[in-house]
Amino acid sequence: MRDKTFRVDFVTPQKIIYSDQVLGVSAPGVMGSFQVLYNHAPLLAAIAVGEVKVRDKEGKELFFAASGGFVEVRANKLVMLAETLESATKIDVERAKRAKERADQRLADKKADIDIRRVSVALMRAVNRLRVASRIG
């Protein structure tokens, strides 16, 4: 199977999150989810809040919570530049639960001074982190 792998680098402004040879990557594109395999055509895509799934070179599935960014695929190399990207194994579930509760409360208050879009995005990110974290249970 090793001959059907390609290079993946997941990068945030803070650090490299993941870098290895893999069999495949599924990502939440803003125009719809997509999958990249060996010899994929060149691609540049925007990433939405959602789950990124990697099938590593041994066939094991790894999960990440993404909050937006971009993916470039070229010459059997995928680079994801993400605002934030967390491995399912490193998500602080209690922190994500608190963030979800805060966002739910702010949306329920319906005060005029609340930025509804910003709170809605915070809620989406928290729910996504909780969903991705549950994948390792």
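Guide: Contact here means heavy atoms within 4.5 Å. On that basis A48 touches P28, G29, V30, A66 and G68, leaving aside residues up to four places away in sequence. The model is predicted, so local features need pLDDT of at least 70 and side-chain atom pairs count only at pLDDT 80 or more, while totals for chains, interfaces and linings use all residues. Residues are numbered from 1 along each chain as its sequence is written, and side-chain values use heavy atoms, with hydrogens and water left out.

A48 belongs to strand β4, residues 43–56 (strands are DSSP runs of E, at least two residues, numbered from the N terminus). Its relative accessibility is 22%, and therefore A48 counts as partly exposed (buried is under 20% relative accessible area, exposed over 50%, partly exposed in between, with a 1.4 Å probe and protein chains only). Between A48 and E83 there are 35 residues in sequence, yet 10 Å in space from C-alpha to C-alpha.

Three aromatic pairs are counted (rings of Phe, Tyr and Trp, the last by its six-membered ring, with centres within 6.5 Å; planes under 30 degrees apart are stacked, over 60 edge-to-face, the rest tilted). In one of them, F10 and F64 have ring centres 5.3 Å apart and planes at 85°, so this pair is edge-to-face. It joins distant parts of the chain, F10 lying in strand β1 (residues 6–11) and F64 in strand β5 (residues 61–73), 54 residues apart. Both F10 and F64 are buried. Through ring pairs, F10, Y18 and F64 form a cluster.

Note on methods
Helix = DSSP H or I, 4+ residues; strand = E, 2+ residues; numbered from the N terminus.
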